[in-house]
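Visitor: I would like to see how the words used for a structure follow from their definitions. Please show it first.

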Amino acid sequence: MHYDPKIMERGKLYYRNNLVKYCIKYKNFLFGEVIGSDSYRVKVNLDNYFGVCTCQFKYNCKHAYALIEAYKNNNFIDAEEIFKNLENKSKEKILEILKNSLVRFHSFLSLIRYFSADPLRLCDEHLLLAKIS
């Protein structure tokens, strides 16, 4: 893992202070949002823990490590499990679930935007950042 010990400590603190808005595991990546001086979108590769972030530091920052902490503490949404559970449901039932979720969970709007069309598309911004880094 390529994180400075100070970054790791700050990331742990962000996690402990509930600044990880959400952490989603999809395939071998974590996707999430972490609150700092702004709201940052983060992607972490679970093969090597390389993290890309929309913050000024771009990669392996405290926001990425906060997401890793959420994962290590089993505090994440398993997107593959959700998709597996939805596979056999009718379109009407899926729409009902989404409508009910939108009403109950304000933060669910972020998830809807994140997974809007193609779950793989959600990392476009992160891929662009990775190419720049």
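Visitor: What makes Lys12 and Tyr15 contacts of glutamate 69?

Guide: Contact means heavy atoms within 4.5 Å. Leaving aside neighbours within four places in sequence, glutamate 69 is in contact with Lys12 and Tyr15. The C-alpha atoms of glutamate 69 and tyrosine 14 are separated by 9.1 Å, and these two residues are 55 residues apart along the chain. This is a predicted model, where local features need pLDDT of at least 70, side-chain atom pairs count only at pLDDT 80 or more, and totals for chains, interfaces and linings use all residues. Residues are numbered from 1 along each chain as its sequence is written, and side-chain values use heavy atoms, with hydrogens and water left out.

Visitor: Why is glutamate 69 called buried?

Guide: Buried means under 20% relative accessible area (1.4 Å probe, protein chains only), exposed over 50%, and partly exposed in between. Glutamate 69 has 9% relative accessibility, so it counts as buried.

Visitor: Which helix holds glutamate 69?

Guide: Helix 2, residues 62–72. Helices (H or I, at least four residues) and strands (E, at least two) are DSSP runs, numbered from the N terminus.

Visitor: What makes strand 1 and strand 5 a pair?

Guide: Two strands pair if DSSP finds at least two bridges between them. Strand 1 (residues 20–26) and strand 5 have two bridges, in the parallel sense, so they meet the definition. Lysine 25 has aspartate 78 in strand 5 as its bridge partner.

Visitor: In what order do the five strands form the open sheet?

Guide: The order is 4-3-2-1-5, with mixed pairing. Strand 4 (51–53) and strand 5 (77–78) are the edge strands, as each pairs on one side only.
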